[in-house]
Every structure is written in C-alpha cells, then in structure tokens.
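Open the model in your viewer and keep the selection tool at hand. The stops below say what to select next and what is there.

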Amino acid sequence: MKFKFAIYLAGIFVFMMAGISFAVAGDLERFEGVKGTLRIAGGTAHIPVMKEAAKRIMAANRDIKITIAGGGSGVGIKQVGEELIDIGNSGRKATDDEIKIYGLKMHKFAIDGIAVVVNPKNSVVKMKKSELINIFSGKSSNWKALGFKDRGINVYTRDASSGTRKVFWKKALNKGEIIKSANFVKSHGAMKSAINVDPYGIGYISIGYLDDTVAPVSLDDVSPTLENVLKGDYKIARGLYMNTKGESAGLVKLFIDYIMSKEGQKIVEDKGYIAVRK
C-alpha cells in the first residue's frame, strides 16, 4: 500500500486557486455551495482537459479541491477500483474482467487519435503501415531504407500500463511485436520530449498533444488529424473514459456532468480532442 501511495504522490498535480475568483455562471452553477475533495488519476491524454476543468471549478468555488495525477490507464482503473481515487481515467475501455472485479462504470467523454511522430529534422513524414510494423518489430533498423540518413532507428514506446500503448499495438501494429530494445516513456509529454531531442527517434502520442516540437507521420497517405479521425479515415483512434466504482454521486457526479456539459465539451475541443456531445 505504501508503494502504491508513493506512486500516486509522485505523479500528482495539485491546483491551488487561492486569490482567483470570478462570477459563477452557466455550467459552473452546479458547484455553488459544494465542499469537498476530488481525486483523479490515470491516463495522461486526459490531463489537459482535467486540468482546465479543475482550474475553472476551483476558481468558482474555493471550497473544492481537485488533485490530478497520471500513471496510465491501467493505474487509473486499478486505483479507482481499489477506492484510492474517485475517478480513474483510461484511454481504452475497461476489460470485462476489470468491470466485474471493480464494479466499474465507464463515462466516455472524448474521442482521440494516436499519431506516429518523429523528430522535426526527420524527412520521413510519410510511410506505409507495413513499414511502421517493421520498424517497431526491429525488422527495419536504419533510416536510410526509408530515405533519411544512414543512422539507426530509435524506437520509443509506452509501458504496459498505458492504454495508448494497447490501442497503438492493436490498431497500428496489428498486435505485432515491439522490439525489446525499445525505449520506455511514461506519458505523452515524456514521449514528445524524447522525440524532440532525438533526431533518429520514432514514437506515438495523442493527437491532442501534437505541436511543432514533433513531426506527425502520415500512414498509407492518411494524416493523423482530428478531421480524419472524425471521418473514420484515420483508424488509430479510441475513446477517452472517466471510470468510477459504481454509480457516481456527489462531487464526482457533478464533475462528470460538468465534463459532459456544453462548457466541458468545449474544453474537450479546445484541448485538441473530439467532443462526444455537440
């Protein structure tokens, strides 16, 4: 238990909004007169949306404290199931076993895509899916064969608890092997930083995290954009979920309802994801 608690604290972000206030209006009115603490952890793709929602809620009501941690989808599901947190975020659906063991309820709040990324100095920004599979399996190990420099390919992947890894492995790699020498990173931010400083690296991140510090790669002539995800042309996509142990109530339900509200879904879109409610 001490080890689990240490992991939770290590990844935690606490947003203290002392001295900041504005008139409560619209979808934030639901939090008037409410007091309490809300603990959220899990998939790191969710963090930008959770952070913004938490900031607005705590600015509107100083009697509410919201903590947000990463750790990956597996951690979020396990911790909410063990009642260590109130909402466990995941970038994949909980399995039937997880739902049965923990009594989970899933709340899908966004749709996301997973983009293959390389360093901005890399000229290889288009490849076939078969070429990607060969790179991640280790069958292709030099960039020269793809039209870049005569240098080895450095593969980056996520750890086993990552929902992003599971979706990428299934939909991008066709459940193929990932080379054992791959470099492991723990979050989308860490992946982006690693690729940004490695001219010969390749990895994958949530489309919501894309910026000019990395270069997205088109697969089979389809770019990893939200538009292509929405049209169904870009297949490496998934839902983002807030998971609770049993039916939500109190502050937990208020938070989930806010994320699903018009204002909450606008936050989803502003952070680079696809809203599930218009």
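Select Phe-31 and Tyr-258: both residues are buried. In this predicted model, the two form an edge-to-face aromatic pair, with 5.8 Å from centre to centre and 75° between the planes. Phe-31 sits in the loop between strand S1 (12-14) and strand S2 (36-42), while Tyr-258 belongs to helix H9 (residues 250-259), so the pair ties together parts that are 227 residues apart in sequence.

Stay with H9 and select the whole helix. Of its 10 residues, 7 are buried, so H9 is largely enclosed by the rest of the structure. The buried residues are Leu-251, Val-252, Leu-254, Phe-255, Ile-256, Tyr-258 and Ile-259.

The search of the whole structure finds 6 aromatic pairs, and another one is the next stop. Select Phe-168 and Tyr-204, whose ring centres are 3.9 Å apart with planes at 10°, so this pair is stacked. Phe-168 is in helix H6 and Tyr-204 in strand S9 (residues 201-206), so the pair ties together parts that are 36 residues apart in sequence. Both Phe-168 and Tyr-204 are buried.

Now select strand S5 (residues 104-118). This strand is mostly covered, with 11 of its 15 residues buried. Which strands pair with S5, and in what sense? Show these partners one at a time:

- S11 runs antiparallel to S5, and 9 bridges join the two; Asp-112 stands opposite Arg-238 in S11.
- S9 is joined to S5 by 5 bridges, again running antiparallel; here Ile-114 stands opposite Ser-206.
- Strand S10 (residues 215-219) is antiparallel to S5, with 3 bridges between them; Val-116 stands opposite Val-217 in S10.
- Strand S12 (residues 274-275) pairs with S5 in the antiparallel sense over 2 bridges; Ala-110 has Ala-275 in S12 as its bridge partner.

The last stop is a cavity. A search of the whole structure finds 1 cavity of 30 Å³ or more, and about 40 Å³ of space lies in the largest cavity. Select Gly-43, Thr-44, Ala-45, Ser-73 and Thr-164, which are the closest to its centre among the 14 residues that line it. Helix H6 (163-171) and strand S11 (237-245) each supply at least two residues of this lining. How do the lining residues divide into nonpolar, polar and charged? There are 2 nonpolar, 10 polar and 2 charged residues in the lining of the largest cavity.

Conventions
Residues are numbered from 1 along each chain as its sequence is written. This is a predicted model: local features need pLDDT of at least 70, side-chain atom pairs count only at pLDDT 80 or more; totals for chains, interfaces and linings use all residues. Side-chain values use heavy atoms; hydrogens and water are left out. On a 1 Å grid over the protein atoms alone, a cavity is a set of points where a 1.4 Å probe fits but cannot get out, and a pocket is an open set with protein on both sides within 12 Å along at least five of seven lines; lining residues have an atom within 4 Å of a point. Grid points are joined across faces, edges and corners, and a volume is the space filled by probe spheres set on the points. Helices (H or I, at least four residues) and strands (E, at least two) are DSSP runs, numbered from the N terminus. Ala, Val, Leu, Ile, Met, Phe, Trp, Tyr, Cys and Pro count as nonpolar, Asp, Glu, Lys and Arg as charged, and the others, Gly among them, as polar. Rings of Phe, Tyr and Trp (its six-membered ring) pair if their centres lie within 6.5 Å; planes under 30 degrees apart count as stacked, over 60 as edge-to-face and the rest as tilted. Buried means under 20% relative accessible area, exposed over 50%, partly exposed in between (1.4 Å probe, protein chains only). Two strands pair if DSSP finds at least two bridges between them.
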